[in-house]
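Good morning, everyone. Please have a look at the structure on the screen before I start.

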Amino acid sequence: MNPSCPCPPAERTTESAPLPLAELQSALPAWTARLQADLTVSVRASAENVGHLEERIAERVREVARLALEEAAQAKADATPLRCPVCGQPLSRKKGGATRTFESRFGPITVCRPRAWCRRCHAWRCPADAALGLGDTSGYSPGVQEIAALSVSKLPVAEASAVIERLAGVKLPRATLDREARRQGLRAEAERTQLDTQMRTAQGRAQQVRELQLELPLEPFTLVMEVDAWNIRERDEHWGKSAELRAAGTEPDRWHWVYGATCFRLSQRAQTAAGRPVILSRGYVMTRGGIDALREQLFAEASRHGLGQAADVLVVADGAVWIWNLVDDRFPQARQRLDLFHAKQHLWAVAEALHGAGTPAAQAWLKPLLAQLEDGQALRLLDDLRLALAGLAAEPRAHLEREIGYFENHRERLDYRDGKARGEPLGSGAMESTCRQYQCRFKRPGQFWTQRGDEALLCLETFWRNGRWKHLFPHVGSFDPSRN
Ligand SMILES: [Zn+2]
């Protein structure tokens, strides 16, 4: 590897000449012979099929791919101008090469990079590292960094480690894989903070909407937001002290809230050929950072999807008090709607309390009330519920009073008839299904998380869903998973 080390001068190649790739060229004849021998054996083996051929070819191709990558990476390191990657100043006191080995998609690569002194930062710098896409301490190429981030945000680490080795041929032991994925998650969090901060200025907003290709329509549109939460189990500072805590009279609480939201333009709702409703372009927010974090992240995401330009803003969510406080606080212009299914559940619960679960009497009592609810007749519904109080015993009366309070609270959020006429969502099903999808990864049996760890992975998953993967891994180009 790299017999030319220490570094040759940067001027070695001119701009128009193709890279010589001398090592690769000289290795090819022997490589072709090895491939030929392999394939001959496989073609003649009656028990082997195309799968075996694929396997043998892939293994051989890795050898030349590794050589090509190593030579090209070295050429890139050699061509990197000696400028400080932190402050941009020209560097001085150039030193001979320091080799660095890192794991790539095709095996380990060693590159020799010059080091030089930055007089402004008072530090030695390797400008080639930044040009190669290597972090300060990472032992992995950007391609492997992406593999770690993507697989661990989708799969438990142990499974991910095996799947990566099988599909990509990259060996990442569990502990290293876990560490690398979390490192990428922290990078994603920093990137999110930067993007969200940028959204607070008009100039930053315009630039980001352009970059993310979220061009808004010229005709007036409604922006819909749905908000919800789910809980996650974590190992916290009390881990392993449950017995002590219980003895002291405190039940250890390992469940914590993850807050989420989604936003989309009403005109972006469509149906698949099979009649399944889909939303063409959606923004997602998911955070373990508390309600304040959700509020600010949702504001930035909604702004990307046209909050500032929307003719009309609608929020749909269940009855949780924190949601409506957040909406009043950050989105005071929004119309508010209580999720219809949750509202119905409250009526069902009253019917059961008054007439028994599943009885014909409960059904008969419920029917006109459900019709009023769906018809948006909040006042009539409340009147009828109050009439039903007469003559009730203490316990069902208390229950009904509670539910009357619930519908009183949400009286202004029950406009289902108008919503239906305008083709708007009556419930927050889109968000609830999103939460369920996240839970498929984050709520497996026996899984425990830490706040720092789960925020990092939630953030990666959300970058992926938002079609912003290329912000973290520029090499993916125009690939956008949300269009798959
Ligand atoms: Zn510097």
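This is a predicted model: local features need pLDDT of at least 70, side-chain atom pairs count only at pLDDT 80 or more; totals for chains, interfaces and linings use all residues.

In which sense do strand β9 and β10 pair, and over how many bridges? They pair in the parallel sense, over four bridges. Strand β9 covers residues 312-317.

I will come back to confidence at the end.

Now the sheet around those strands. Five strands form an open sheet, and their order is β8-β5-β4-β9-β10. The pairing is mixed. Which strands are the edges? They are β8, residues 282-287, and β10, residues 335-338. Each of these two pairs on one side only. On average, neighbouring strands of this sheet are turned by 20 degrees against each other, direction ignored.

A helix lies against this sheet. Helix α9, residues 291-304, packs on it. Which strands does α9 touch? It touches β4 (222-233), β5 (255-265) and β8. The direction of α9 makes about 165 degrees with that of β8.

While you are looking at strands, here is a general point. In a regular strand, side chains alternate between the two faces of the sheet.

Next, helix against helix. Two packed helices are described by two things: the angle between their axes and the distance between the axes.

Pair one is α9 with helix α10, residues 321-330. Their axes come within 11 Å and cross at roughly 45 degrees. That angle makes α9 oblique to α10. The crossing is right-handed. Who makes the contact? From α9, Ile 291, Arg 295 and Phe 299. From α10, Trp 322, Leu 326, Asp 329 and Arg 330. By class, the residues of this contact divide into four nonpolar, no polar and three charged.

Pair two is helix α11, residues 340-355, with helix α12, residues 360-374. How far apart are their axes, and at what angle do they pack? The axes are 9 Å apart, and the angle is about 155 degrees. Angles over 145 count as roughly antiparallel, so α11 is roughly antiparallel to α12. The crossing of α11 and α12 is also right-handed. The α11 side of the contact includes Ala 343, Leu 347, Trp 348 and Ala 351. The α12 side includes Ala 361, Trp 365, Leu 369 and Leu 373. By class, this contact of α11 with α12 has twelve nonpolar, one polar and two charged residues.

Helix α1 is residues 22-44, and helix α2 is residues 50-79. Their axes come within 10 Å and cross at roughly 175 degrees. Therefore α1 and α2 are roughly antiparallel to each other. In α1, the contact residues include Leu 24, Trp 31, Arg 34 and Asp 38. In α2, they include Leu 53, Arg 56, Glu 63 and Leu 67. What is the make-up of this contact by class? Nine nonpolar, two polar and seven charged residues.

Three strands form an open sheet in the order β1-β2-β3, and the pairing is antiparallel. The edges are β1 (92-104) and β3 (123-125), and each pairs on one side only. Neighbouring strands here are turned by 30 degrees against each other on average, direction ignored. α2 packs on this sheet and touches β1 and β2. The direction of α2 makes about 5 degrees with that of β2.

Follow the strands along. Ten bridges join β1 to strand β2, residues 107-118. Gly 97 stands opposite Pro 114 in β2. A hairpin of two residues joins β1 to β2. Then β2 and β3 pair in the antiparallel sense over three bridges. There, Ala 116 stands opposite Arg 125 in β3. The hairpin of β2 and β3 has four residues between the strands. Within that hairpin, His 122 takes a positive phi near 55 degrees.

Last, confidence. The protein averages a pLDDT of 88, and 88% of the residues score at least 70. Where is confidence lowest, and where is it highest? It is lowest in helix α8, residues 242-247, at a mean of 66. It is highest in β10, at 97. Over residues 6-13, pLDDT stays under 50. For that stretch, the model has 16 contacts beyond four places in sequence.

Notes:
Residues are numbered from 1 along each chain as its sequence is written. Two strands pair if DSSP finds at least two bridges between them. Axes are lines fitted to C-alpha atoms, for helices over the stretch in contact, and angles run from 0 to 180 degrees between N-to-C directions. Two residues are in contact if their C-beta atoms, placed from the backbone, lie within 7 Å. Angles under 35 degrees count as roughly parallel, over 145 as roughly antiparallel, 65 to 115 as roughly perpendicular and the rest as oblique. A crossing is left-handed if the near helix is turned anticlockwise from the far one by less than a right angle, and right-handed if clockwise. Ala, Val, Leu, Ile, Met, Phe, Trp, Tyr, Cys and Pro count as nonpolar, Asp, Glu, Lys and Arg as charged, and the others, Gly among them, as polar. pLDDT is the predictor's confidence in each residue, from 0 to 100.
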